[in-house]
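Please look over the model shown below. The report that follows covers its helices, sheets, ring pairs and cores.

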Amino acid sequence: MAAPVSVDVLVIGSGASGLAAAVSAHRAGARVGLAAKGSLQSCNSAKAQGGIQAAFGADDSPEQHAADVWKSSHETADRRLVAVLTGEAPGAIHWLEELGVQFTPENGGYRLAKCGGASRKRLLQVGDRTGHAITAALRDAVEASSVQTFPKSPLSSLEPAASGWRAICGEHVIDAGTVVLAAGGRCYREAAERGELSTNHPGATGEVTQIAVDLGADARDLDALQYHPNGGAWPANMQGFTNPLGPRDEVSQAIFDEVAAGRGVETPDGRPAVYLDTTRVPEADADVSLPYMLRRYRAAGVDPLKEPILTYPVLHYQNGGLVIDEHAETTLEGVFACGEIAGGTHGRNRMMGNSLLECTVFGRRAGAAAAERAAA
């Protein structure tokens, strides 16, 4: 084991929330370390296709956005966290633009789409690779800074220490004044155990959540895992690949019910599926919003604009997680959480477009608050 490294703020995870927290803490003047389970590029956030929500429309407002979140959560979300999420959404978009993210424009403003559960058009996109664009910009900011990175260094132990916390990350012992947990959820592991497909990266296995719970951190809604209703079922290269549509829990359940009633179909490799008719999507719209999806389907010999595609719900998101307050602090003093590992913002059902937003809003908050606490 190497000699201990000392930082003010240690971030666990290199997805959008962890990167945002690291950038935020660094800008607040903290000495920051960031440890990742795999490479810095390995994360769920980079796979996020759909987009990021923010109320920019003339007929929209943060309050309307919050009302949609509350309704989509089936009135289970923490309304304090929802108010922060939606109130800071426009500012989060401008912060990402400052870092180099270029959202798809239209008529001198943003191209806004309407997504499942939303009452207004408020989804901003970078084609269908919004998560990739956001994580790339955040990672560039981290790599251009003095943030010390520890790739391929999974967290295996976290213990209270005299001046904060001591973490063992791979071969590294890291002493930190405060810790930000941004290690994501567990849907890849859950899907493997159930024999199902998942949209998630193989690193999404949930150990960090368990470490925090074992330390005494409160958690909520950990049983509430979300299925994406439109996971690719066939061709094989599209399995676990998603296409945006509808309120997720309701559409997923409707598909499960139809297949259970015998009205589904089978893929060539014997998996259950239903047909999604994408032939009415105008090619001009698809070229802007779905270019990556089109390339992948067409490479496999399927043209979604000319024939329906086979789809079926796949495990996608851990709705619940560690309990946090408005500053992203958990019930463990000096330990913060943001992104998919944190619970409450979405309640028991997340709206499309709010995960990247949560990563940005609460990643920034967690980093700033952790830096302030470490300096106290």
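**Conventions**

Helices (H or I, at least four residues) and strands (E, at least two) are DSSP runs, numbered from the N terminus. This is a predicted model: local features need pLDDT of at least 70, side-chain atom pairs count only at pLDDT 80 or more, and totals for chains, interfaces and linings use all residues. Residues are numbered from 1 along each chain as its sequence is written, and side-chain values use heavy atoms, with hydrogens and water left out.

Arg189 lies in helix α6 (residues 187-194). Arg189 is partly exposed, at a relative accessible area of 29%. Here buried means under 20% relative accessible area, exposed means over 50%, and partly exposed lies in between (1.4 Å probe, protein chains only). Apart from neighbours within four places in sequence, Arg189 contacts Ala204, Thr205 and Gly206; contact means heavy atoms within 4.5 Å. The C-alpha atoms of Arg189 and Ala204 are separated by 6.6 Å, and the two residues are 15 apart along the chain.

Thr130 belongs to helix α5 (residues 130-143). Thr130 is buried, with a relative accessible area of 0%. Not counting residues up to four places away in sequence, Thr130 touches several residues, among them Ala48, Gln49, Phe103, Leu124 and Leu356.

**The buried side of α7**

Helix α7 spans residues 207-214, and Val208, Thr209, Ile211 and Ala212 are buried in this helix. These four cover an arc of only 160 degrees around the axis, so they sit on the same side of α7. The arc is that of the directions from the helix axis to the C-beta atoms. Just after α7, Gly216 takes a positive phi of about 110 degrees.

**Strand pairing**

Strands β13 (residues 265-266) and β14 (residues 272-276) run antiparallel and are joined by two bridges. Two strands pair if DSSP finds at least two bridges between them. Val265 has Ala273 of β14 as its bridge partner. β13 and β14 form a hairpin with five residues between them, and Gly270 in the turn has a positive phi of about 90 degrees. β14 also pairs with β15, in the antiparallel sense, over three bridges. There, Leu276 has Ile309 of β15 as its bridge partner.

An open sheet of three strands has the order β11-β16-β18, with mixed pairing. Its edge strands are β11 (219-220) and β18 (342-343), each of which pairs on one side only. β16 and β18 pair in the parallel sense over two bridges. Leu322 has Ala342 of β18 as its bridge partner.

**Aromatic pairs and charges over rings**

The structure holds four aromatic pairs. In the pair of Phe56 and Tyr110, the ring centres are 4.8 Å apart and the planes stand at 50 degrees, so the pair is tilted. Rings of Phe, Tyr and Trp (its six-membered ring) pair if their centres lie within 6.5 Å; planes under 30 degrees apart count as stacked, over 60 as edge-to-face and the rest as tilted. Phe56 lies in the loop between β3 (52-53) and α2 (62-72) and Tyr110 in strand β5 (residues 109-110), so the pair ties together parts 54 residues apart in sequence. Phe56 is partly exposed, at 26% relative accessibility.

The rings of Phe256 and Tyr312 have centres 5.6 Å apart and planes at 75 degrees, so this pair is edge-to-face. Phe256 lies in helix α8 (residues 248-260) and Tyr312 in strand β15, so the pair ties together parts 56 residues apart in sequence. Phe256 is partly exposed at 22%, whereas Tyr312 is buried at 18%. Ring pairs also link Phe56, Phe103 and Tyr110 into a cluster.

Two arginines sit over tyrosine rings. The charged end of Arg129 is 4.4 Å from the ring centre of Tyr292. Arg350 lies over the face of Tyr317, at 4.1 Å from the ring centre. A charge sits over a ring if NZ of Lys or CZ of Arg is within 6 Å of the ring centre and within 35 degrees of the ring normal.

**Nonpolar cores**

The largest nonpolar core has 75 residues, of which Leu10, Ile12, Ile52, Leu138, Val180, Leu181 and Phe362 touch the most other members. Helix α11 (residues 355-375) gives the largest share of this core, nine residues. A nonpolar core is a set of buried Ala, Val, Leu, Ile, Met, Phe, Trp, Tyr and Cys residues joined through side-chain atoms within 4.5 Å. A second, separate core of eleven residues includes Ala113, Leu123, Met351 and Met352.
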